[in-house]
Amino acid sequence: MWTAPLEAQTVWLDELDLSAATQGFGMPGKNKSVDGKPITIAGKTFKRGFGTHSVSSLLILLDGKASSFSAMVGIDDEVAGHEPAAEFQIFGDGKKLWSSGIMRLGDSARSCSVALSGVKKLELVVADGGNGNYYDHADWADAKFEALGANAFVTINPVSSTPYILTPAPPATPRINGASVFGVRPGSPFLFRIAATGERPMTFSALGLPKGLKIDPRTGIITGRVSNAGTFNVTLGAKNARGTASKKFRIVCGDRIGLTPPMGWNSWNCFAGEVSADKVKRAADALIKSGLVNHGWTYINIDDFWQNHRDSEDQTIRGKLRDDSGRIVANSRFGNMKLLADYVHGLGLKIGLYSSPGPWTCGGCAGSYGYEKQDAESYGKWGFDYLKYDWCSYGGVIDGMADNDPYKVGSLSYQGGGDLPTAVKPFKIMGDYLREQPRDIIYSLCQYGMSDVWKWGGSVGGTSWRTTNDITDTWASVKSIALEQDKAAAWAKPGNWNDPDMLVVGTVGWGNPHPSRLKPDEQYLHISLWSLFSSPLLIGCDMEKLDDFTLNLLTNDEVIAVNQDPLGKQATCVYTDGELRVYVKELEDGSRAVGFCNFGLEKVERSFRDFEKLGISGRQTVRDLWRQKDVATLGATQSKLTLNIPVHGVLLYKFSPSNR
Ligand code: GAL
């Protein structure tokens with residue numbers, strides 16, 4: 001029989017469904033840049049192409065039907081004034097076929113032409129060029145395939161979009177959750193609300209409380225002051241119509257606070273510059289109503305924009321920056337900060353706020369430069385429990401540009417301040433003033449990991465410090481942040497935590513609310529890793545829009561217990577095989593939490609027997625923490641585990657030595 005010869009045709013990349021691409025920022029552009037403008041590289045405009053943002057990946061099924069791919073690649077001119085750097089890469093069936101080398105703004109487009117015969121799956125990648133992916137607007141211009149017997153190709157995103165709930169509902173009988181150790185300084189106000197699930201009404205008790213503390217049996221809120229340093233072993237109790245529960249709880253009265261990573265909510269990832277006292281109160285109410293409080297979530301933190309702004313057109317945030325005696329004035333959306341703090345404390349929760357050591361915050365509101373003492377006193381007087389202190393315009397102070405517009409010193413503002421004493425100085429100043437206040441204030445340093453902050457953050461009184469740049473709700477962001485945490489791990493300990501930034505689950509959007517763009521498996525991986533990292537857990541979503549899937553992520557007490565483990569160790573990656581990365585965290589009771597993490601684009605389906613590489617030997621009970629059930633006993637008859645991990649997914653297991 002005669003068959004027609006296969007016809008050679010051109011298939012343009014922009015004719016394919018580009019929405020399957022994942023990228024670090026914005027939406028894929030069809031014949032447009034990522035900002036929706038004409039594709040332009042080094043002054044040359046291209047009619048066709050794919051505009052994206054690193055870190056970007058587009059998977060195309062070719063099925064052996066393409067003979068070649070060609071394109072002109074480069075950084076889009078629309079980011080003039082910034083310093084992007086990115087590398088274009090092409091992979092065929094997992095093998096690197098071509099790379100552009102690092103490309104910068106103004107480099108003329110590089111031409112690529114790759115032979116593809118036999119290639120089934122092609123991946124077009126734009127990787128970060130080594131300086132973070134800020135402003136990496138990247139174009140695959142004039143991109144096309146020469147194909148044989150095909151006039152289109154299918155693009156795929158192998159990460160599943162179907163949400164599924166793993167966390168079992170808590171039983172109706174009482175169960176006490178949350179931290180089992182709590183630090184307070186002698187004489188400071190004490191506030192701790194027992195976190196317990198189970199049917200209401202419930203009554204609470206606390207046996208062995210040190211002198212000066214009392215519990216409200218109706219609410220489970222413990223208040224008072226402990227005047228003597230020491231460790232106090234308390235037994236917490238909870239009782240309802242179905243039964244009773246108790247839990248050992250250690251109150252350590254001494255110098256250290258934040259003995260387990262702070263857990264709560266922060267306004268930035270959902271409201272950004274639109275925050276108000278009303279929204280903060282509603283977030284606090286929702287934290288109670290949703291039941292999150294019963295799992296240990298405690299802090300309600302206001303980020304940037306509670307102060308007045310230097311030049312905003314929005315009059316609700318304009319006004320005197322400071323009063324005549326130099327005291328910071330909250331903007332009209334906030335008014336009386338003490339009333340707000342009292343409201344939050346009345347719920348048994350704690351409250352935080354935000355400032356900068358520079359004259360301006362990152363958003364252009366009044367910072368603390370030159371007024372550190374007054375500001376620390378105001379926070380203390382109002383009753384705040386947490387300060388996030390964000391570098392922002394301090395770069396300008398170093399350069400003697402303190403009075404300039406923070407936006408003009410924009411690129412400087414992210415600079416580390418050169419030598420170590422300069423980098424440390426502003427944080428030490430505020431740390432010392434916070435310490436003088438008659439209350440315990442968690443001190444959260446935010447300078448994106450500059451000058452190896454993990455090595456000195458504790459010495460300036462820091463409870464936690466950001467290790468990396470701002471998170472966004474993209475896989476590229478979560479992955480790159482996760483991969484950078486190991487370097488700081490050795491410095492994590494009770495009272496000193498590395499902070500990979502806030503959570504991006506639920507409705508987020510920095511003022512433009514949308515459901516997190518992380519896929520369900522990516523969200524399980526995100527929460528598992530942040531728990532393994534002993535990271536502060538700050539929910540970044542709109543608390544009034546919590547859906548069942550998000551609640552399932554945030555209420556798994558066995559997962560939270562990994563984060564809150566009193567030993568305070570941070571997991572590190574101890575085993576890699578391709579894109580399988582295994583993180584291990586030692587726990588106080590001698591067991592280990594192990595995250596089998598799939599960072600790749602293929603499912604992991606294999607058996608695993610390298611337990612010694614994880615520091616694990618002998619008989620072990622293996623428990624799946626998300627599903628809250630034992631899945632294996634190793635060492636007796638079983639010597640391997642079968643791993644089935646979805647793309648960008650995780651298995652979070654606990655290995656406990658067993659004598660059975
Ligand atoms: C950034 C910081 C964010 C947020 C923002 C406020 O520098 O990393 O988490 O606080 O400033 O303007």
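Predicted model: local features only at pLDDT ≥ 70, side-chain atom pairs only at ≥ 80, totals over all residues.
Some ground rules come before the details. Local features need pLDDT of at least 70 and side-chain atom pairs count only at pLDDT 80 or more, while totals for chains, interfaces and linings use all residues. Numbering starts from 1 along each chain as its sequence is written, and side-chain values use heavy atoms, with hydrogens and water left out.

The ligand has 14 residues around it, and Asp303, Asp304, Lys388, Asp390 and Asp470 are the closest (a residue counts as near if one of its heavy atoms lies within 4 Å). Sorted by class, that shell holds 7 nonpolar, 1 polar and 6 charged residues; here Ala, Val, Leu, Ile, Met, Phe, Trp, Tyr, Cys and Pro go down as nonpolar, Asp, Glu, Lys and Arg as charged, and the others, Gly among them, as polar.

Oxygen atoms of the ligand pair up with several side chains. A side-chain N or O atom of Asp470 sits 2.5 Å from a ligand oxygen, the corresponding distance for Asp303 is 2.6 Å, and for a polar side-chain atom of Arg466 it is 3.1 Å. On its own the ligand exposes 310 Å², of which the protein buries 97% (Shrake-Rupley areas, 1.4 Å probe).

As for His345, this residue belongs to helix H3, residues 337-346 (a DSSP run of H or I, at least four residues). His345 is buried, at 18% relative accessible area, where buried means under 20% with a 1.4 Å probe and protein chains only. Beyond neighbours within four places in sequence, His345 touches Leu191, Lys350, Ile351, Gly383, Asp385 and Arg439 (contact: heavy atoms within 4.5 Å). With Gly383, the His345 side chain reaches the backbone oxygen at 3.3 Å.

Methods
Helix = DSSP H or I, 4+ residues; strand = E, 2+ residues; numbered from the N terminus. Buried < 20%, exposed > 50% of the residue type's maximum accessible area, 1.4 Å probe, protein only. Polar contact = N/O pair within 3.5 Å; in protein donor to acceptor, adjacent residues only side chain to side chain.
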